[in-house]
Amino acid sequence: MIDSVSKIRLFQKHWLNTCKLLLNTKKRITLFYHPEVPTVIVGHYQDVYHEVNFPYLREKQIGLVRRNSGGGAVFIDPGDLTYVYIDTAPKVKTPKFNLYISPILLALKELGINAEQTGRNDLTVDGKKFSGMSFSQIKDRVLYGGTLMLNVNLEEANRVLTPSKSKLEDKGIESVRSRVTNLKDYINIPSFTTNDLRDLILKYVKKENKDFKTTKLSEQEWADIIELGHRKFGTKEWIYGSNLAHYYVDSYFHGIGSIGIAFNVKEHRLADVKIYGDLMVISQKVAEQLQEELDGCPIVQDEIKQILIKYDLDGSIKSGTASQLATEIINEAANENTTN
């Protein structure tokens with residue numbers, strides 16, 4: 001018998017790394033995962049300490065993992081179906097979510113559900129979200145993935161996820177629970193399962209890909225996945241991050257996402273800077289370069305603003321973003337009363 005903690009570790013080792021292992025091929029791949037235990041998955045750039053209710057997570061033995069792609073934190077449990085599309089494409093400036101969402105919308109339409117794509121990467125029905133997609137690219141391989149809430153414990157999701165207040169206020173809602181829904185409420189088939197949903201989506205994937213075939217990973221492939229899990233994705237540094245900072249600013253931009261900047265103050269300069277958020281308009285490379293340039297910058301509003309402008313935050317997010325974030329950083333650091 002495998003206990004819940006062991007199952008969480010298996011999830012960390014297998015699911016997050018299967019995607020990376022499969023990036024070595026040039027074929028288009030569709031991958032599904034059905035979680036055995038409740039788990040929170042945070043996006044690549046997110047600060048877990050601002051996204052997760054840790055006392056509740058530990059009390060309920062909910063797993064915590066971090067994925068390679070961007071996007072926001074999600075809660076999944078056995079009532080969820082997680083899906084990933086891996087494809088080949090040149091450098092992607094704007095993720096093409098609609099291309100990979102199409103089979104899902106067609107499958108739901110067959111079930112009589114009038115779902116739609118809203119914003120850049122959300123799927124909704126009656127204005128409530130049941131799926132969100134994330135994106136990442138490694139060389140010429142792209143990964144689009146998301147979750148489908150068929151019968152997820154929404155109360156537990158509301159308790160364990162703690163998104164920024166600015167994000168909730170922008171959407172005019174008070175909690176995670178009030179903005180999401182389960183697909184089961186719209187399906188008139190009592191015995192309908194996540195496997196049924198998977199098979200229905202695959203039906204439409206096959207229609208769009210005539211040479212589509214299913215396969216199982218070999219024992220060696222699973223061994224490689226486990227090794228990757230031990231080496232990177234299962235480590236505390238990967239999941240929790242390093243260089244924890246004392247200061248943190250967070251802003252949400254309607255229809256685009258949130259961005260957070262964590263930092264320490266040393267000799268009246270920014271230090272240990274880390275970029276967080278669920279934005280997908282800023283690449284990992286740009287985020288890392290921005291972190292490096294902000295690190296060591298004097299706490300002077302105009303100098304901070306000029307660095308943010310240099311990395312085109314006004315263009316990639318919206319006009320005035322650089323000035324807004326620079327002001328927030330200055331205000332956050334104003335309470336610093338010791339010099340390190």
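Trainee: On what basis are the residues numbered and the values computed?
Mentor: Residues are numbered from 1 along each chain as its sequence is written. In this predicted model, local features need pLDDT of at least 70 and side-chain atom pairs count only at pLDDT 80 or more, whereas totals for chains, interfaces and linings use all residues, and side-chain values use heavy atoms, with hydrogens and water left out.

Trainee: How many helices and strands does the chain have?
Mentor: Helices (H or I, at least four residues) and strands (E, at least two) are DSSP runs, numbered from the N terminus. On that basis, the chain comes to 12 helices and 12 strands.

Trainee: What percentage of the 340 residues is buried?
Mentor: A residue is buried under 20% relative accessible area, exposed over 50% and partly exposed in between, with a 1.4 Å probe and protein chains only. Among the 340 residues of the chain, the buried share is 50%.

Trainee: What is the strand order in the open sheet of 3 strands?
Mentor: Two strands pair if DSSP finds at least two bridges between them. Strand 2 (residues 39–42) and strand 3 run parallel and are joined by 4 bridges, while 3 bridges join strand 2 to strand 4, an antiparallel pair. The pairing in this open sheet is therefore mixed, and the order is 3-2-4.

Trainee: Which are the edge strands of that sheet?
Mentor: In the order 3-2-4, each edge strand pairs on one side only. The edge strands are strand 3 and strand 4 (74–76).

Trainee: Which residue in strand 3 is the bridge partner of Val42, and which in strand 4 is that of Ile41?
Mentor: Strand 2 is joined by bridges to strand 3 and also to strand 4. In strand 3, Val42 has Arg66 as its bridge partner; in strand 4, the partner of Ile41 is Val74.

Trainee: Which residues of strand 3 point the opposite way from Gly63 and Val65?
Mentor: In a regular strand the side chains alternate between the two faces of the sheet. In strand 3 (residues 63–66), Gly63 and Val65 point one way and all four residues are buried. Those pointing the other way are Leu64 and Arg66.

Trainee: Where is Gln61, and what is its phi?
Mentor: Gln61 is in the loop between helix 2 and strand 3, and its relative accessibility of 43% makes it partly exposed. Most residues other than glycine have a negative phi. In Gln61, however, phi is positive, near 55°.

Trainee: Why does Asp126 count as exposed?
Mentor: Asp126 is in the loop between strand 7 (122–125) and strand 8 (128–138). Asp126 counts as exposed because its relative accessible area is 66%.

Trainee: Is helix 10 parallel or oblique to helix 12?
Mentor: Axes are lines fitted to C-alpha atoms, for helices over the stretch in contact, and angles run from 0 to 180 degrees between N-to-C directions. Helix 10 (residues 301–310) and helix 12 (residues 321–333) pack at about 140°, with axes 8 Å apart. Angles under 35 degrees count as roughly parallel, over 145 as roughly antiparallel, 65 to 115 as roughly perpendicular and the rest as oblique. Helix 10 is therefore oblique to helix 12.

Trainee: What distance separates the C-alpha atoms of Arg269 and Cys297?
Mentor: Arg269 lies in strand 12 (residues 269–277). Contact means heavy atoms within 4.5 Å, and the residues in contact with Arg269 include Cys297 and Pro298. Arg269 and Cys297 are 28 residues apart along the chain, yet their C-alpha atoms are separated by 5.4 Å.

How values were computed:
Lists of a residue's contacts leave out its neighbours within four places in sequence.
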